[in-house]
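Please look over the sequence and the structure first.

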Amino acid sequence: RFGNFISSVKETSGYDVLQAKLRRNAEGKYEAEVHTFLAPLGRPIDVHVSGKGKVYILEYSRATDRKGSYALPGRILELAAKPK
């Protein structure tokens, strides 16, 4: 979630990556189970999952709330699975 820009809202939302698992219930309707995967982040804009056990997260900036500086450039984060 990129993060909100609405300054009148007291609570900051976003600045994180969510994991959503979809499943059909008994009525055939989809339900989602949603969990925070990684937070806080600096306005994540893309996630790429490689076939080699790595996840790349692209950030727009480094600020993790509406109060931080957006002058710092974004970055690419690499997450890798621990070797067994």
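## Basis of the model

The model is predicted: local features need pLDDT of at least 70, side-chain atom pairs count only at pLDDT 80 or more, and totals for chains, interfaces and linings use all residues. Residues are numbered from 1 along each chain as its sequence is written, and side-chain values use heavy atoms, with hydrogens and water left out.

## Overall make-up

The protein has zero helices and five strands, in the order β-β-β-β-β from the N terminus. Helices (H or I, at least four residues) and strands (E, at least two) are DSSP runs, numbered from the N terminus.

The protein has 84 residues, of which 20% are buried. Buried means under 20% relative accessible area, exposed means over 50%, and partly exposed lies in between (1.4 Å probe, protein chains only). The protein exposes about 6,600 Å², and carbon and sulfur atoms supply 55% of that area. These areas come from the Shrake-Rupley method with a 1.4 Å probe; for residues, only the protein chains shown count as cover.

Contact means heavy atoms within 4.5 Å. Of the contacts between residues at least 6 apart in sequence, 31% join residues at least 24 apart.

## Salt bridges

Side chains of opposite charge can pair when their charged atoms come close. A salt bridge here is a side-chain nitrogen of Lys or Arg within 4 Å of a carboxyl oxygen of Asp or Glu. The count comes to five salt bridges.

In one of them, the side chains of Arg75 and Glu59 meet at 2.5 Å, N to O. This pair links distant parts of the chain, 16 residues apart: Arg75 is in the loop between strand S4 (54–59) and strand S5 (76–80), and Glu59 is in strand S4. Arg75 is partly exposed at 38% relative accessibility, while Glu59 is buried at 5%. Salt bridges with shared partners also join Arg23, Glu31 and Glu33 into one network.

## The nonpolar core

A nonpolar core is a set of buried Ala, Val, Leu, Ile, Met, Phe, Trp, Tyr and Cys residues joined through side-chain atoms within 4.5 Å. The largest one consists of five residues: Val17, Leu41, Val55, Ile57 and Leu77. Leaving aside neighbours within four places in sequence, Val17 is in contact with residues including Leu41, Ile57, Phe37 and Pro44.

## Two buried charged residues

Asp16 is found in the segment before S1 and is buried, with a relative accessible area of 4%. Its side chain meets that of Arg1 in a salt bridge of 2.8 Å, N to O. Asp16 and Arg1 are 15 residues apart, and both are in the segment before strand S1 (17–24). Arg1 is partly exposed, at 48%. Not counting residues up to four places away in sequence, Asp16 touches Arg1, Thr36, Leu38, Ala39, Leu41 and Pro44.

Arg43 lies in the loop between strand S2 (30–38) and strand S3 (44–49). At 1% relative accessibility, Arg43 is buried. Its side chain makes a polar contact with the side chain of Tyr15 at 2.8 Å. A polar contact is a pair of N or O atoms within 3.5 Å; within protein, one must be able to donate a hydrogen and the other to accept it, and residues adjacent in sequence count only if both atoms are side-chain atoms.
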